[in-house]
Amino acid sequence: MISKVDLPADARLETLAVREGLPPSQWGENSEALYLTSSFVHPDAATAARRFANEEEAFVYSRFSNPTVTMMERRLAALEGTSGCIATSSGMSAILITIMSLLKAGDHVVCSQGVFGSTIKLFQDFAKFGIETSFVSQTDPGEWHTAMRPNTRLLFAETPNNPLTEVCDIAALADIAHAGGALLLVDNCFCSPALQQPVKFGADLVMHSGTKYLDGQGRVIAGALCGPAELIDAKFVPTMRSAGMTLSPFNAWVVLKGMETLAIRLKAQSERALEMAHWLEAQPAVERVYYPGLESHPQHKLAMAQQSGIGGAVVSFTVRGERAGAWAVVDGTRICSITANLGDTKTTITHPATTSHGRLSEAQRQAAGITQGVLRLAVGLEDVEDLKADLARGFATLS
Ligand SMILES: *Cc1c(COP(=O)(O)O)cnc(C)c1O
């Protein structure tokens, strides 16, 4: 039996983020230990046999069980309000293990057309194994309903999405999924459980790129899938055991410690993002601002209801002057990092049309609203006045 941390049953999110995991080892360490070991030793042959046959719970082999990884899984499950979690080597492999564990040839998936680009690519790749995906509107639940088929097994949503921060109605999609006997999975990367817990609105599964806000300092690639423990034990753990999209103990430890500051980081970064969004709305060089915390956002009310009244830390905006204008703003920065990663304490700026969304055709980009003038700012923890000055340099050239 793998023991539990003794916490009050009503311990709240910020307490769980610091305390949930495993009890300390016999040495009583206060900071969680990093167990860099590929395998675990058994006292005798009969015990080893019971553990390999899953008759006795114990750590066996780090492809599918390791104490540091278990601590990260328990902590994230506690934050998401799910009974189970399985850590994966990246956000993308959290989707891969979901497809491999839950779907088979002949099954159908409904997915927003506005999700992360590699997510769309991965679902498209599974067409060759007989799993078909319909891509539908990010914001119109009616399209999801129409796309349902008798063989639909999974609905996949990401909210808010990248880069225009469009919001899905999680409760409406959960109803559609459950009426059709399917599960709803939400990619909760942009909000993290500090702002949004999709299971509260009826989602069955929640995935993370731990690379983003969970680590929070841009250090590791990591992922996780949260959901009911029985489903994870029955379907996902066997896939992990045979396919091995394992999170390394070191990366799990970095994410585990990152989660301790998740809520305060995300709230502080979101406050800065809201201030930047208001400031951007007042800039003559800016044509439009996309931020769920602004009343001008088309799904502002829904976003506030789902995201604890907070808009998140990602702000996008369109500048005058198309690509040349956008590039001038990027090139005028001296503080922002020019990189497509997000969720870092360092503010990052990116031009989606020529980076993250560069592989789409111009027509696809126009349909998605990602024009050449759009820039995405993932706001970090710098002083907000320095960030304004950093963008103002480029704006001054666009008058
Ligand atoms: C980054 C990202 C992913 C993929 O995660 P990796 O850790 O890079 O594999 C999935 N979804 C969203 C929304 C992301 O931002």
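**Salt bridges and aromatic contacts**

Glu-260 is partly exposed, with a relative accessibility of 26%. In this predicted model, Glu-260 takes part in a salt bridge with Lys-257, and the closest N and O atoms of the two side chains are 3.1 Å apart. Lys-257 is likewise classed as partly exposed, because its relative accessible area is 23% and the buried class ends under 20%. The contact belongs to a network in which salt bridges with shared partners join Lys-257 and Glu-260 with Glu-32 and Arg-75.

The count of salt bridges in the structure comes to 16. One of them is formed by the side chains of Lys-267 and Glu-14, with an N to O distance of 2.8 Å. This pair connects distant parts of the chain, given that Lys-267 lies in helix 11 (residues 262–281) and Glu-14 in helix 1 (residues 13–19), 253 residues apart. Lys-267 has a relative accessible area of 34% and is partly exposed; Glu-14 is also partly exposed, at 41%.

A further salt bridge is found between the side chains of Arg-219 and Asp-215, at 2.7 Å from N to O. Its two residues fall into separate accessibility classes: Asp-215 is buried, with a relative accessible area of 0%, whereas Arg-219 counts as partly exposed at 45% relative accessibility. Side chains of opposite charge can pair when their charged atoms come close.

Seven aromatic pairs are present in the structure. Among them, Tyr-61 and Phe-64 form a tilted pair, with 6.4 Å between the ring centres and 55 degrees between the planes. Tyr-61 is partly exposed, its relative accessible area being 35%, and Phe-64 is partly exposed at 22% relative accessibility. Phe-126 and Phe-129 form another tilted pair, for which the centre to centre distance is 5.3 Å and the planes are 50 degrees apart. Phe-126 counts as buried, because its relative accessibility is 11% and the limit for that class is 20%.

Elsewhere, one aromatic cluster is made up of Trp-279, Phe-317 and Phe-395. A contact between a charged side chain and a ring is also present: Lys-212 lies over the face of Phe-116, at 5.2 Å from the ring centre.

Key
Residues numbered from 1 in each chain as written. Predicted model: local features only at pLDDT ≥ 70, side-chain atom pairs only at ≥ 80, totals over all residues. Heavy atoms only, no water. Phe/Tyr/Trp six-rings, centres within 6.5 Å; stacked < 30°, edge-to-face > 60°. Buried < 20%, exposed > 50% of the residue type's maximum accessible area, 1.4 Å probe, protein only. Lys NZ or Arg CZ within 6 Å of the ring centre and 35° of its normal. Salt bridge = Lys/Arg side-chain N within 4 Å of Asp/Glu carboxyl O. Helix = DSSP H or I, 4+ residues; strand = E, 2+ residues; numbered from the N terminus.
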